[in-house]
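Try each task before you read its solution.

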Amino acid sequence: KSVFVEAWVFVEKPNGVVVAHGGPLNGYSLFVKNGRPQFAARVDEKLHQVGAKESVAGKWTHLAGALTSDHKVELYVNYRKAGSTDASGLIPAEPAQSIEIGSDEGSGVGEYKSPYGFTGIIDEVRVAHGTYTAANLATHFDADEPDGLPGECELVVSCSFDNGKATDASGRGNHGT
């Protein structure tokens, strides 16, 4: 499936996973390496990764990654495209490992040593599956109020962490602890 993941972060240390789902066979990971945002997608064990050139350490930043229906791996920083690369396809099956926020336990999606824990603040995490393209994402990010979803997406997880709780507002019951 195509996937879209976004979060607001305040990076205190230069390395760590923001959101990960899956492992070395299939999955995706939005993370920070050396202070620079990265998005990785694994499709049948093949890693496709894109990174930003500028550091986001020490400031609030909106990060988003997508594996689009037209087989692109894209990274957005503060609603602007920071990088893109081709992928060999879409993630063919539900990743075996659960969605994780703040680390990637077990076998990692990206080329980092698990759990690759994040130090800082993560807020407003959303993950969606659906049919959309880079053009849909550009429209989403250029919107004055980018609260909607690009294209024809279905929320899988939406956590605002209000009141210190990882309650899923997507309606799918993916509540966390």
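**Exercise 1.** Decide whether Trp 60 is buried, partly exposed or exposed.

*Solution.* Start with the cut-offs: buried means under 20% relative accessible area, exposed means over 50%, and partly exposed is in between (1.4 Å probe, protein chains only). Trp 60 has 42% relative accessibility, so it counts as partly exposed. Before going on, note that this is a predicted model, where local features need pLDDT of at least 70 and side-chain atom pairs count only at pLDDT 80 or more, while totals for chains, interfaces and linings use all residues. Residues are numbered from 1 along each chain as its sequence is written, and side-chain values use heavy atoms, with hydrogens and water left out.

**Exercise 2.** Work out what kind of aromatic pair Phe 10 and Trp 60 form, and which strands the pair ties together.

*Solution.* First, the rule: rings of Phe, Tyr and Trp (its six-membered ring) pair if their centres lie within 6.5 Å; planes under 30 degrees apart are stacked, over 60 edge-to-face, and the rest tilted. Next, the numbers: the centres of Phe 10 and Trp 60 are 5.9 Å apart, with 55° between the planes, which makes the pair tilted. Then find the strands (DSSP runs of E, at least two residues, numbered from the N terminus). Phe 10 sits in β1 (residues 3–11) and Trp 60 in β6 (residues 60–67), so the pair links parts that are 50 residues apart in sequence. Phe 10, at 21% relative accessibility, counts as partly exposed.

**Exercise 3.** What can you say about the backbone and the surroundings of Tyr 116?

*Solution.* Begin with the place: Tyr 116 is in the loop between β9 and β10. Check phi next; Tyr 116 is not a glycine, yet its phi is positive, about 50°. Now look at the side chain: Tyr 116 forms one aromatic cluster with Phe 31 and Tyr 112. Finally, Tyr 116 counts as buried, at 16% relative accessibility.

How values were computed: Helices (H or I, at least four residues) and strands (E, at least two) are DSSP runs, numbered from the N terminus.
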